[in-house]
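Subject: Handover of a structure

Dear colleague,

Please find below the structure that I am passing to you. The notes that follow it set out what was found, and I would ask you to read them with the model open.

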Amino acid sequence: MALRASLQDWAPRRVKLTMDEHLDKMASIGKRGSSYYCNPVVAGLAGILIWGFVIWGAIGKEAVAAETQAAQAWVTEIWNWLYMSSRNIWLLVLMYVLYKYYDIKLGSEEDKPEFSDLTYFAMLFSCGIATGLWYYSAEAMWHYEGYGTPRWTDHKIWNDNTRAEHAVMMTWFHWGLHGWIAYVLVGVLIGFMTYRRGFPMSMRFTLYPIIGELVYGVLGDIVEVLSILCTVFGICTDLGLGAVQINKAFVRLDRGTYQGRDSYGCDENGANCTGRVGLEVNQTTECLLIVVITACAIGSVVMGLKKGIAFLSQLAVVLSVFIVLSILFLDETWFILNTLTSALGYYIWILPKVSFHTDAWEELGAASSGMGGAPDGRGGKEGWMNAWTIFYWGWWISWGPFVGTFLARISRGRKLGNFIIASLILPSFWSFIFTGVFGAAQIRISRQAESAGLDMSDAAHTYGWCCAMEPCS
């Protein structure tokens with residue numbers, strides 16, 4: 001009877017409730033304000049699903065890997081069109097909101113921003129993509145060379161200069177406007193519903209205008225569970241990538257690796273180097289790194305938003321700026337600036353095409369498969385979208401609930417237009433500078449090696465590329 005009544009009276013209402021009145025309408029256990037207060041449905045179901053997946057992965061790692069890869073391939077085959085078109089739609093929606101509702105404040109007219117502009121940008125950027133951007137700092141190089149997933153390597157279609165420009169542009173596409181959309185969209189919705197409509201800061205209430213009072217029941221609980229799953233698996237992806245990268249960096253430092261060759265702890269022939277401490281690239285070290293990173297994150301949270309998280313964010317951005325500027329001025333500065341300018345024009349020109357591009361013909365596979373693949377065997381091969389763009393969009397979306405909520409939390413007192421510019425446009429431009437500087441320098445050095453007559457294995461050792469993805473032999 002209660003379910004029937006709720007379904008009959010689900011329409012959104014204009015009555016403004018207090019925070020306690022909102023919470024009273026949802027399932028809960030424990031004393032409000034205590035560490036044990038929670039929604040048993042959300043906590044229980046999310047815990048069962050997460051631990052179920054962990055146990056499944058521990059028991060059958062190969063089976064889990066195969067199933068998840070098959071699921072991702074299925075998403076690319078069936079839902080590629082939705083992934084690509086929806087992000088363009090949401091980008092247009094955000095541009096309309098930016099123009100139409102620029103002056104709406106997230107909060108009352110008396111509310112002031114809690115953080116300075118620089119601290120605010122550092123926090124939103126560090127929360128959004130700090131680890132991923134470092135791990136994929138060589139993405140333009142991968143697109144240029146076609147490692148693993150060759151896509152623009154047909155020299156009858158692409159000359160080397162065009163490939164280089166296209167490689168930088170595709171990197172910008174993955175880390176630019178279309179990536180940040182997921183964060184900004186969630187942040188706008190949560191910020192507006194919390195600061196302007198008085199709802200608790202929770203994903204379920206972003207759907208209140210659509211499903212009304214049902215957000216307090218099972219549908220709202222499902223939204224919360226999905227948000228938790230997205231956040232947990234998104235964080236796992238970042239922790240995994242970050243731990244692998246840090247592990248390999250520590251091994252390089254321990255062995256004194258320079259230009260692909262080790263210096264410390266080597267035998268008489270210099271063929272086998274164990275380093276000063278003997279660090280290895282293995283899962284044990286990576287698990288320890290994850291523990292340390294998690295402890296640092298917990299410590300920053302315990303210290304509070306202004307002292308802990310704000311300080312770490314400022315430190316991360318300062319170090320990033322220092323490294324990027326070092327590469328810019330120590331490499332061929334004018335060449336890199338020319339590359340950034342040229343790539344920006346190319347990005348603006350080709351964005352309408354690439355943002356809708358689904359690799360439809362390439363996904364048909366080889367002509368021998370009988371599905372209608374290219375008879376001349378030229379152009380791209382299937383699997384590139386699955387390995388790159390669709391992976392990225394899923395990764396960005398998985399972080400959407402967490403980052404969007406965080407952006408809303410630190411944005412009280414700011415205008416809606418300022419929020420969109422600060423969390424969509426400015427981070428995109430910094431990502432352009434970051435990946436553009438790295439990409440231009442990497443591709444230029446690669447071409448130097450090729451012009452010097454080095455084959456790819458020698459070039460990899462000379463410039464240390466092999467250590468980006470696997471230990472140098």
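I begin with N386, which touches Q72, A73, T76 and F391, leaving aside residues up to four places away in sequence; contact here means heavy atoms within 4.5 Å. This is a predicted model, in which local features need pLDDT of at least 70 and side-chain atom pairs count only at pLDDT 80 or more, while totals for chains, interfaces and linings use all residues. Residues are numbered from 1 along each chain as its sequence is written, and side-chain values use heavy atoms, without hydrogens or water.

N386 lies in helix α14 (helices, H or I, of at least four residues and strands, E, of at least two are DSSP runs numbered from the N terminus). N386 counts as buried because its relative accessibility is 18%; buried means under 20% relative accessible area, exposed over 50%, and partly exposed in between, with a 1.4 Å probe and protein chains only.

D359 sits in the loop between α13 and α14 (384–387) and is buried, since its relative accessible area is 1%. Its phi is near 55 degrees, a positive value in a residue other than glycine. Most residues other than glycine have a negative phi. E332 belongs to the loop between α12 (305–330) and α13, and at 45% relative accessibility E332 is partly exposed. From E332 to D376, 44 residues apart along the chain, the C-alpha separation is 40 Å.

F53, W56, G57 and I59 of α3 are in contact with K61, V64, E67 and T68 of α4. This contact comprises four nonpolar, two polar and two charged residues (Ala, Val, Leu, Ile, Met, Phe, Trp, Tyr, Cys and Pro are nonpolar, Asp, Glu, Lys and Arg charged, and the others, Gly among them, polar).

Grid points are joined across faces, edges and corners, and a volume is the space filled by probe spheres set on the points.

The structure holds one cavity of 30 Å³ or more, and the largest cavity has a volume of about 80 Å³. Its lining consists of G128, I129, G132, W175, Y183, D238, W395, W396 and W399, of which six are nonpolar, two polar and one charged.

Of its 32 lining residues, W90, L185, V186, L189 and M203 are the closest to its centre. α4 gives the most to this lining, with nine residues, and by class the lining has 27 nonpolar, four polar and one charged residues.

Finally, confidence: the mean pLDDT (the predictor's confidence in each residue, from 0 to 100) of the chain is 86, and 93% of its residues reach 70 or more. Over residues 457–473 the pLDDT is below 50. Where pLDDT is low, the predicted coordinates should not be read in detail.

Yours sincerely

Terms used. On a 1 Å grid over the protein atoms alone, a cavity is a set of points where a 1.4 Å probe fits but cannot get out, and a pocket is an open set with protein on both sides within 12 Å along at least five of seven lines; lining residues have an atom within 4 Å of a point.
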